[in-house]
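Please consult the sequence and the model while reading.

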Amino acid sequence: MIKRHRKRKPRLCLVSSSGGHWEQLQKLKPLIDKYEGFFVTEKTMFPETSDYFMIQTDLKDKWMIPKMFVNTIHSIIIWMKERPDFVITTGTMVAYPFYILAVIFHKKIVYIETFGRANMPTEAGKMMEKHADLFIVQWKTQVKHYKKAIYGGCLY
């Protein structure tokens with residue numbers, strides 16, 4: 001007799017920085033309800049509902065490199081515990097370690113370009129497009145800035 005193993009549901013990692021990126025990502029909560037997964041964002045002074053919190057940083061932060069080092073270590077720990085099949089992100093800095101881990105472990109990457117940029121590409125978008133399995137923009141005007149972009153409408 002052949003035993004058939006029940007295939008597990010895909011495990012999703014939804015990760016983004018705080019603010020507007022996080023608000024947009026929250027619109028994808030029904031995916032977590034349908035499949036399995038977890039949310040990751042930055043710890044700020046505003047209370048948020050997330051499974052994991054990272055240190056908030058940006059490119060202009062003089063402590064960005066040490067903060068990103070700590071976030072990377074934390075990301076590896078989360079990755080090993082959760083073992084996601086997909087990384088879905090609206091960006092930015094907090095998503096980079098998960099993006100790199102997805103590339104290393106050959107997992108699927110879904111990048112959703114921010115709603116806040118209608119007429120120009122973002123640095124995160126330009127970088128993540130290279131490995132994204134699905135690259136979605138929220139404005140039709142953004143399609144021309146990326147080779148892999150598809151228009152998906154806005155998350156709001």
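In which loop is the place of Thr 57? Thr 57 sits in the loop between strand 3 (52–55) and helix 3; helices (H or I, at least four residues) and strands (E, at least two) are DSSP runs, numbered from the N terminus. The model is predicted: local features need pLDDT of at least 70, side-chain atom pairs count only at pLDDT 80 or more, and totals for chains, interfaces and linings use all residues. Residues are numbered from 1 along each chain as its sequence is written, and side-chain values use heavy atoms, with hydrogens and water left out.

- Thr 57 is buried, with a relative accessible area of 7%; buried means under 20% relative accessible area, exposed over 50%, and partly exposed in between (1.4 Å probe, protein chains only).
- The side chains of Thr 57 and Asp 61 are joined by a polar contact of 3.1 Å, a term for a pair of N or O atoms within 3.5 Å, where within protein one must be able to donate a hydrogen and the other to accept it, and residues adjacent in sequence count only if both atoms are side-chain atoms.
- Leaving aside neighbours within four places in sequence, Thr 57 is in contact (heavy atoms within 4.5 Å) with Glu 42, Met 64, Lys 67, Met 68 and Met 93.
- Ser 17 lies in the loop between strand 1 (11–16) and helix 1 (20–26) and is buried, at 6% relative accessible area.
- Beyond neighbours within four places in sequence, the contacts of Ser 17 include Trp 22, Thr 41 and Thr 92.

**The largest pocket**

- The largest pocket holds about 340 Å³ of space.
- On a 1 Å grid over the protein atoms alone, a pocket is an open set of points where a 1.4 Å probe fits, with protein on both sides within 12 Å along at least five of seven lines; lining residues have an atom within 4 Å of a point.
- Its volume is the space filled by probe spheres set on the points, which are joined across faces, edges and corners.
- Of the 16 residues that line the largest pocket, His 21, Leu 59, Thr 92, Arg 117 and Ala 124 lie nearest its centre.

**Backbone features**

- Most residues other than glycine have a negative phi, and most peptide bonds are trans.
- The peptide bond from Gly 91 to Thr 92 is cis, with omega near -10°, and Thr 92 is found in the loop between strand 4 (86–91) and helix 4 (96–104).
- Arg 83 has a positive phi near 50°; this residue lies in the loop between helix 3 (64–82) and strand 4 and is partly exposed, at 46% relative accessible area.
- His 106 has a positive phi near 55°; this residue lies in the loop between helix 4 and strand 5 (108–112) and counts as exposed, at 71% relative accessibility.

**Aromatic pairs**

- The whole structure contains six aromatic pairs, where rings of Phe, Tyr and Trp (its six-membered ring) pair if their centres lie within 6.5 Å; planes under 30 degrees apart count as stacked, over 60 as edge-to-face and the rest as tilted.
- The ring centres of Phe 38 and Tyr 52 are 5.7 Å apart and the planes lie at 85°, so this pair is edge-to-face.
- Phe 38 belongs to strand 2 (residues 36–43) and Tyr 52 to strand 3, 14 residues apart.
- Phe 38 is buried at 1% relative accessible area, and Tyr 52 counts as buried at 13%.
- Trp 79 and Phe 105 form a stacked pair, 5.9 Å centre to centre with 25° between the planes.
- Trp 79 counts as buried at 3% relative accessibility, whereas Phe 105 counts as partly exposed at 39%.
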